[in-house]
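Q: I am new to this structure and would like to go through it step by step. Could it be shown here before we begin?

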Amino acid sequence: MNKDKMTSAPLPRVTATAKALELIEILQKKHGELMFHQSGGCCDGSAPMCYPQGEFLVGASDRLLGQIGGALFYMSESQFDYWKHTQLIIDVVPGRGGMFSLEGPEGKRFLTRSRLFTDEEFAALQTAESDSS
């Protein structure tokens, strides 16, 4: 599958709660178009990082999972191998976000929750992704 091509999968690989969508809208008004990259650790732990569109350089090893609130959402291919059986649900909780993520000054932070796809959902995703490659 082309890593930069979003699929028309039956279920989205990434979705967002109403609270996350509200915060995304606030950040879009302040910063313009946004993008997310699911951090794999290091300085900011495993948090979804929010940037102005184009500020974070996406590489050949990053995979586009979909979009939330109009913002593209990426994850490294190696990390995706661990998460491919799950749907990511981006939420918001009180607290400081990652030091490089835009939501920090808002007193809130994005948080990734997840749920396992059912066997049927995962099979449908596999089929949809192989058909779109």
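Q: What is the average pLDDT of the protein chain?
A: The average is 87, and 86% of the residues score at least 70. Over residues 1–9, however, the pLDDT is below 50, and this stretch has 22 contacts in the model beyond near neighbours in sequence. Where pLDDT is low, the predicted coordinates should not be read in detail.

Q: How many helices and strands does the protein chain have?
A: There are three helices and seven strands. Read from the N terminus, the order of elements is β-α-β-β-β-β-α-β-β-α.

Q: And what share of the residues is buried?
A: Of the 133 residues in the protein chain, 41% are buried. The chain exposes about 7,100 Å², and carbon and sulfur atoms supply 53% of that area.

Q: Let us turn to the strands. What is the order of the open sheet of three strands?
A: The order is β1-β6-β7, with mixed pairing. The edge strands are β1 (14–16) and β7, each of which pairs on one side only. On average, neighbouring strands of this sheet are turned by 30° against each other, direction ignored.

Q: How many bridges join β1 to β6, and do they run parallel or antiparallel?
A: Three bridges join them, and the two strands run parallel. Ala16 has Ile90 as its bridge partner in β6.

Q: Which helix lies across those strands?
A: Helix α1 lies across β1, β6 and β7, and runs at about 70° to β6.

Q: Where is Lys108 found?
A: Lys108 is in strand β7. Its relative accessibility is 37%, so Lys108 counts as partly exposed. Lys108 and Gly95 are 13 residues apart in sequence, and their C-alpha atoms are 4.8 Å apart in space.

Q: What about β4, is that strand largely enclosed or open?
A: Six of the seven residues of β4 are buried, so β4 is largely enclosed by the rest of the structure. Six bridges join β4 to strand β5 (residues 71–76), and the two run antiparallel. Arg63 stands opposite Met75 in β5. The hairpin of β4 and β5 has two residues between the strands, and in this hairpin Gly69 takes a positive phi near 55°.

Q: How many residues of β5 are buried?
A: Five of the six residues are buried, so β5 too is largely enclosed by the rest of the structure. Strand β2 (residues 34–38) is joined to β5 by four bridges, and these two strands run parallel. Met35 stands opposite Leu72 in β5.

Q: A change of topic: how many salt bridges does the structure hold?
A: The structure holds seven salt bridges. One of them is formed by the side chains of Lys30 and Glu106, at 2.6 Å from N to O. Lys30 lies in helix α1 (residues 18–31), and Glu106 lies in the loop between β6 (86–94) and β7 (108–116), so this pair ties together parts that are 76 residues apart in sequence.

Q: Are those two residues buried or exposed, and what are the values for Lys30 and Glu106?
A: Lys30 counts as exposed because its relative accessibility is 52%, the cut-off for exposed being over 50%. Glu106 has a relative accessible area of 26% and is partly exposed.

Q: Which residue meets Glu77 in a salt bridge?
A: The side chain of Glu77 meets that of Arg63, at 3.6 Å from N to O. Glu77 lies in helix α2 (residues 77–83) and Arg63 in strand β4 (residues 62–68), so the pair ties together parts that are 14 residues apart in sequence. Arg63 is buried, with a relative accessible area of 9%. Salt bridges that share partners join Arg13, Arg63, Glu77 and Glu129 into one network.

Q: And which residue meets Arg115?
A: The side chains of Arg115 and Glu121 meet in a salt bridge of 3.0 Å, N to O. Arg115 is partly exposed, with a relative accessible area of 29%.

Conventions
Residues are numbered from 1 along each chain as its sequence is written. This is a predicted model: local features need pLDDT of at least 70, side-chain atom pairs count only at pLDDT 80 or more; totals for chains, interfaces and linings use all residues. Side-chain values use heavy atoms; hydrogens and water are left out. A salt bridge is a side-chain nitrogen of Lys or Arg within 4 Å of a carboxyl oxygen of Asp or Glu. Buried means under 20% relative accessible area, exposed over 50%, partly exposed in between (1.4 Å probe, protein chains only). Two strands pair if DSSP finds at least two bridges between them. Axes are lines fitted to C-alpha atoms, for helices over the stretch in contact, and angles run from 0 to 180 degrees between N-to-C directions. Contact means heavy atoms within 4.5 Å. pLDDT is the predictor's confidence in each residue, from 0 to 100. Accessible areas come from the Shrake-Rupley method with a 1.4 Å probe; for residues, only the protein chains shown count as cover.
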